[in-house]
Amino acid sequence: MESGVITGKGLAEFKSEIAVLTKVRHRHLVALLGYCLDGNEKLLVYEYMPQGTLSRHIFNWPEEGLKPLEWMKRLTIALDVARGVEYLHGLAHQSFIHRDLKPSNILLGDDMRAKVSDFGLVRLAPEGKGSIETRIAGTFGYLAPEYAVTGRVTTKVDVFSFGVILMELITGRKALDESQPEESMHLVTWFRRMHINKDTFRKAVDPTIDLNGETLASISTVAELAGHCCAREPYQRPDMGHAVNVLSSLVELWKPSVQNSEDIYGIDLEMSLPQVLKKWQDFEGRSHMDSSSSSFLPSLDNTQTSIPTRPYGFAESFASADGR
């Protein structure tokens, strides 16, 4: 199966989703493969995301027969979502507000990389720092307070929702959980209370996460980011570019504890470039290459030409947006 089929949307949401997804393309936004509108029959065909929604992995994993997510995977998923929303807000040709960001609208592939989906409630963002008034839509628990009260939105309503998702990834608890006592029902309020000191915060962390000093430090940084994203006033919240910077710096701190078995070259991450090239040469049996093949793996004695013009497997060009 190569695609996912989505039905049951209202006509307005259906048309809105088509309008957005035919304009935006990004590796962290789910791709629209096709659609059909025939009378009352409405059909959207997404790319297939075999691991389903994020919500099944953080809330429903026991009954789904899944393993709880490790912290590193949660961190990577958060970064993927942040990059997708950052693109919607400011890197696409037009700026959009998602308005319904939540774990059930985040889809995971076989590699557990995340893509944002469900663009039925998307609105064009106003230029500058203004807001636009819309009918209130979305999901309680993820709605920014100013949006819930006035119906006016800016990109900062998505930032608030993203902060709630970060809290869910940290705690394993839902944004609104009616099975909890009244004082703990709303995640944002409860999280703020638990985040006051280290002892209560440690108790708030999802017990399935294997805590050590490094992991706890990483979680604490994400908790700080979540708190800022869920600030009561929109102007106090960061933009999604800041969230991307914080999360990407944390992801880059993690290195594989064991060498990848698929790394047939046996290259150590700490090697210098000349050492890496020597490893490649040894593996290919080209330690004594003649001049006819020197264009691919040049002589290490010539420091001016020791880097290939374009190593095998690299694109001929790339844009700064590719770094996102």
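The following legends describe close-up views of a predicted model. Local features are reported only at pLDDT of at least 70 and side-chain atom pairs only at pLDDT 80 or more, whereas totals for chains, interfaces and linings use all residues. Residues are numbered from 1 along each chain as its sequence is written, and side-chain values use heavy atoms, with hydrogens and water left out.

Figure 1. The chain has 11 helices and 9 strands, taken as DSSP runs numbered from the N terminus (helices, H or I, at least four residues; strands, E, at least two). Of its 324 residues, 44% count as buried (under 20% relative accessible area with a 1.4 Å probe, protein chains only; exposed is over 50%, and partly exposed lies in between). Among contacts (heavy atoms within 4.5 Å) with a separation of 6 or more, 61% come from residues 24 or more positions apart.

Figure 2. Rings of Phe, Tyr and Trp (its six-membered ring) pair if their centres lie within 6.5 Å; planes under 30 degrees apart count as stacked, over 60 as edge-to-face and the rest as tilted. By this rule the count comes to 1 aromatic pair. The ring centres of Phe191 and Phe201 are 6.2 Å apart and the planes stand at 85°, so the pair is edge-to-face. Phe191 belongs to helix H7 (residues 187-194) and Phe201 to helix H8 (residues 198-204), 10 residues apart. Both Phe191 and Phe201 are buried. Beyond its neighbours within four places in sequence, Ile170 contacts residues including Trp71, Phe191, Phe201, Ile209 and Val222.

**Figure 3. A charge over a ring.** The charged end of Arg173 sits over the ring of Trp190, 3.8 Å from the ring centre. The criterion is that NZ of Lys or CZ of Arg lies within 6 Å of the ring centre and within 35 degrees of the ring normal.

Figure 4. The structure holds 0 disulfides (pairs of cysteine sulfur atoms within 2.5 Å). The closest cysteine sulfur to that of Cys229 is in Cys230, at 6.6 Å, too far for a bond. Cys229 is buried, at a relative accessible area of 0%, and Cys230 is likewise buried, at 0%.

Figure 5. His28 lies in the loop between helix H1 (11-21) and strand S2 (32-38) and is buried at 5% relative accessibility. Its side chain makes a polar contact of 3.5 Å with that of Asp80 (N or O atoms within 3.5 Å; within protein, one able to donate a hydrogen and the other to accept it, with residues adjacent in sequence counted only if both atoms are side-chain atoms). The backbone oxygen of Ala114 is 3.3 Å from a polar side-chain atom of His28. Ile106, in strand S5 (residues 106-108), is buried, with a relative accessible area of 0%.

Figure 6. Most residues other than glycine have a negative phi. Arg99, in the loop between strand S4 (96-97) and S5, has a positive phi near 75°. Met112, in the loop between S5 and strand S6 (114-116), has a positive phi of about 65°. Arg99 is buried at 3% relative accessible area, and Met112 is buried at 12%.
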